[in-house]
Amino acid sequence: MSGARQQILDRIRRAISGGSAAPYSDLPRNYVRHGNLDEAARLSLMVERLQEYDADVVECTPDDLPACIADRLQSSGKHTFVAPPGLPVEWLAAGFDWKLDHGLTHAEVEACDGVVTACFAGVADSGTIVLHHSASEGRRILTLLPDWHLCVVRTSQIVETLPEYFARCPKPPALATYISGPSATADIEMTRIKGVHGPRFLHVILVHDEGLAEVRNDN
Amino acid sequence: MTPVDLDPRTAPTFPQAALPILRNAQLRKNVAHATDVIQAKRARLVAEKTDWQQLRTAAAAIKDDVLGHLDQYLVEFEERCTATGGHVHWASDAAEARSIAVEILRKEGATEAIKIKTMTSTEIQLNPALEAAGIKAVETDLAELILQLGDDEPSHIVAPALHVNRSQVREIFARRMGLADLTDDPEALTAAARAYLRKKFLSVDAAICGANFLVAETGAVTIVESEGNGRMCLTLPRTLIALSGIEKVVPTFRDLEVMLQVLARSATGERMNPYTSLWTGVTPGDGPQNFHVVLLDNSRSSILARHTERQTLRCIRCAACQNTCPVYRQTGGHAYGSVYGGPIGAILTPQLMHMDHAQSLPFASSLCAACYEVCPVKINIPEVLIELRAQVVDRERKQAARAFDLMYIGMRVANSIFASAWRFRLAQRMGRLALRPFTHKDGWIHALPSLGSRWTMTRDLRRLPDQTFRDWWAARPKDKV
């Protein structure tokens with residue numbers, strides 16, 4: 001098929017020859033890059049957006065986090081949870097059946113009731129949770145097959161606008177998933193139905209760590 | 001239901017295909033309801049965005065930059081994708097793309113392939129080619145599943161089954177899934193699809209997807225979706241084939257900060273679609289380990305070569321133009337005889353066919369420009385429509401049969417009349433005389449014979465005034481001015 005490659009590139013080069021385009025660096029980018037909300041307003045916007053998606057949101061301090069996770073797991077009524085290999089051990093609450101993902105099969109992940117993960121960032125404007133699938137966020141199937149997802153978001157990870165998230169990625173991720181509410185469809189008469197294939201239940205714990213030492217500095 | 005033909009080479013003309021649809025009250029009601037709902041959501045979310053016009057300008061500029069340097073960006077994408085473990089294939093036309101996909105699946109010994117909604121796959125008629133090769137294509141998007149089980153075809157770029165209502169979905173699912181007790185509650189119908197597809201996701205080893213964006217800088221591919229069927233197809237199978245038009249590339253990862261914002265709002269009226277996936281080549285231990293990208297030209301490079309039409313390739317397939325179009329809202333997508341219906345289809349389809357087919361589509365528009373106004377990448381669709389109309393007419397004019405076509409004779413006569421003042425004045429005088437016998441006492445012409453009846457069939461014509469403006473001007477009292 002290298003014949004096709006050369007043919008296509010030749011056709012493209014003929015088609016665009018003679019065009020003098022402005023350099024990429026001069027492209028107009030006068031859209032809103034930085035939000036103007038203060039910290040409290042930014043967080044409450046994030047909570048509001050998540051709740052619009054029917055996500056369940058609770059807030060806690062870093063010290064209370066393990067207890068808060070245990071409480072969320074308890075009230076889920078579920079028992080078997082899968083965890084990414086890099087999840088802090090103190091998050092693995094006692095009294096539950098934990099499957100640590102060191103290469104679990106699809107069937108083993110599918111058999112779990114829920115999953116607990118960290119995340120890379122949150123975008124308040126759209127209520128988006130960003131996963132870059134690091135060791136604490138897990139492989140992509142962990143947050144896909146189980147029906148129940150508990151995601152821990154630190155307040156220092158929350159930005160207001162989407163461009164602010166991109167500014168936090170000087171090195172683009174190889175893998176990323178942006179979650180804006182649970183799986184949904186509107187394919188039948190535009191009626192929004194929650195939970196088609198992805199997790200039907202999204203729980204978020206907001207950990208107030210603003211002003212504390214940066215746990216992860218990706219900038 | 002009459003079989004729907006979305007092959008522009010064989011489909012009936014737009015007026016022929018539209019007529020039976022206009023008599024189908026149920027279909028029109030379904031389309032009107034769906035487009036009303038999406039439009040209202042879009043309008044609300046666009047209004048809250050203070051920088052909407054700046055985002056549109058940036059999105060259009062990014063796509064223009066892509067098109068102006070398309071060779072460089074594609075080569076860059078190929079290099080990065082290959083370096084991260086992906087395989088990149090180039091397909092000049094639909095047949096090449098089909099055989100590349102079939103060959104990859106054959107090598108894997110695949111007998112089934114799960115699919116994420118991809119309009120490009122319908123453009124190249126991939127499913128019939130897979131079936132012929134003994135590979136069963138399983139559509140996993142809810143709307144596409146409805147169409148596949150109902151032997152129907154997509155009628156909208158984003159919500160391809162919007163012409164079908166809940167009781168029709170119930171009937172299809174009950175029959176094809178063997179669920180006699182199924183109700184027409186959308187929740188129950190969705191649950192039925194979830195159960196039906198779950199087994200497929202966990203057992204089928206090959207998947208086919210399209211691509212919303214290819215990132216040249218990193219070699220990443222991006223898919224936006226709502227249901228999670230996309231994530232299933234992108235992570236569970238061993239083999240993944242992404243089929244993408246060559247125009248889908250963007251220069252850098254950061255460009256997605258613009259494209260994702262305009263796409264979700266325009267397509268479904270959401271701030272962000274529920275799931276966006278981005279992956280780069282192959283990641284050991286996570287997702288498909290055998291990953292292929294098929295870059296499809298299929299006439300796109302010839303569109304690129306044309307000055308006015310090039311902007312067609314900015315399209316990010318959001319369907320906002322379909323939802324707002326007064327023509328599409330009456331006929332739905334099937335009348336366009338192509339997987340790309342509505343205003344964007346009216347300009348894209350004939351160009352994909354090198355103007356040899358689908359020549360009626362550029363005329364399927366009132367040129368009201370509502371499509372231009374909502375387009376997130378500022379494609380001036382009316383401008384392209386007019387250019388394509390001119391091309392269609394130029395071609396027709398050259399045909400020998402047109403020498404005797406009344407329409408063309410009329411146009412030639414009109415051309416000569418409008419080219420000279422005295423011929424114009426003479427024609428006015430003759431017209432007044434000729435129309436007098438048909439003018440009713442009430443000052444209106446209700447019926448004309450022959451060609452003129454085409455006008456009076458649907459509206460009355462006011463009688464010609466006794467005095468023309470020129471006559472009045474010449475005869476006016478000169479001392480007043």
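The conversation below goes through this predicted model by question and answer.

Trainee: What ipTM does the predictor give the complex?

Mentor: This is a predicted model, and confidence values accompany it. For chain B, the mean pLDDT is 94, and 99% of its residues reach 70 or more. For the complex, the predictor reports a pTM of 0.91 and an ipTM of 0.94.

Trainee: How many helices and strands does chain B have?

Mentor: The C-alpha trace of chain B spans about 90 × 55 × 50 Å along its principal axes. Of its 481 residues, 50% count as buried. Among contacts in chain B between residues at least 6 apart in sequence, 73% join residues at least 24 apart. The secondary structure of chain B comes to 22 helices and twelve strands.

Trainee: Which element gives the largest share of the side of chain B that touches chain A?

Mentor: On the two sides, 73 residues of chain B are in contact with 58 residues of chain A. The side belonging to chain B divides into 34 nonpolar, 24 polar and 15 charged residues. Its largest share, eight residues, comes from residues 52-68 of chain B, helix α3.

Trainee: Which strands of chain A does β2(A) join in parallel?

Mentor: Strand β2 covers residues 80-83 of chain A, and four bridges join it to residues 97-100; in that pairing A:Ala83 stands opposite A:Leu100. Two bridges link β2(A) to residues 114-117, where A:Phe81 has A:Gly114 as its bridge partner.

Trainee: How many residues does the largest nonpolar core have?

Mentor: In soluble globular proteins, nonpolar side chains tend to be buried together. Here, the residues with the most contacts inside the largest core are A:Val130, B:Ala101, B:Ala113, B:Cys209, B:Met259 and B:Val294. Leaving aside neighbours within four places in sequence, B:Met259 is in contact with B:Ala59, B:Phe213, B:Val250 and B:Ile316. The number of residues in this core is 193.

Trainee: At what angle do helices α19 and α20 of chain B pack?

Mentor: Helix α19(B) spans residues 406-418 and α20(B) spans residues 421-435. B:Ser416, B:Ile417 and B:Phe418 meet B:Arg423, B:Phe424 and B:Ala427, and by class this contact has four nonpolar, one polar and one charged residues. The axes lie 6 Å apart, at an angle of about 115°.

Trainee: Why is helix α16 of chain B described as largely enclosed?

Mentor: The buried residues of α16(B) pack against α13 (300-304), α14 (320-324), α15 (328-331), α17 (370-374) and α18 (381-397) of chain B. Among the buried residues are B:Gly342, B:Ile347 and B:Leu352. The helix, residues 342-352, is called largely enclosed by the rest of the structure because its buried residues number eleven of the eleven.

Trainee: Is B:Asp151, which has a positive phi, buried or exposed?

Mentor: Most residues other than glycine have a negative phi, and most peptide bonds are trans. B:Asp151 has a phi near 50° and is found in the loop between α8 (142-149) and α9 (166-177) of chain B. B:Asp151 has 11, so its class is exposed.

Trainee: And what class does A:Glu189 fall into?

Mentor: A:Glu189 has a positive phi as well, near 55°, and lies in the loop between β10 (184-185) and β11 (193-194) of chain A. It has 19 C-beta neighbours inside 10 Å, so A:Glu189 counts as partly exposed.

Methods
Residues are numbered from 1 along each chain as its sequence is written. Chains are lettered from A and ligands numbered from 1 in the order in which they are written. This is a predicted model: local features need pLDDT of at least 70, side-chain atom pairs count only at pLDDT 80 or more; totals for chains, interfaces and linings use all residues. Two strands pair if DSSP finds at least two bridges between them. A residue is buried if 20 or more other C-beta atoms lie within 10 Å of its own, exposed if 12 or fewer, and partly exposed in between; C-beta atoms are placed from the backbone. Two residues are in contact if their C-beta atoms, placed from the backbone, lie within 7 Å. Ala, Val, Leu, Ile, Met, Phe, Trp, Tyr, Cys and Pro count as nonpolar, Asp, Glu, Lys and Arg as charged, and the others, Gly among them, as polar. A nonpolar core is a set of buried Ala, Val, Leu, Ile, Met, Phe, Trp, Tyr and Cys residues joined through C-beta atoms within 7 Å. pLDDT is the predictor's confidence in each residue, from 0 to 100. Axes are lines fitted to C-alpha atoms, for helices over the stretch in contact, and angles run from 0 to 180 degrees between N-to-C directions.
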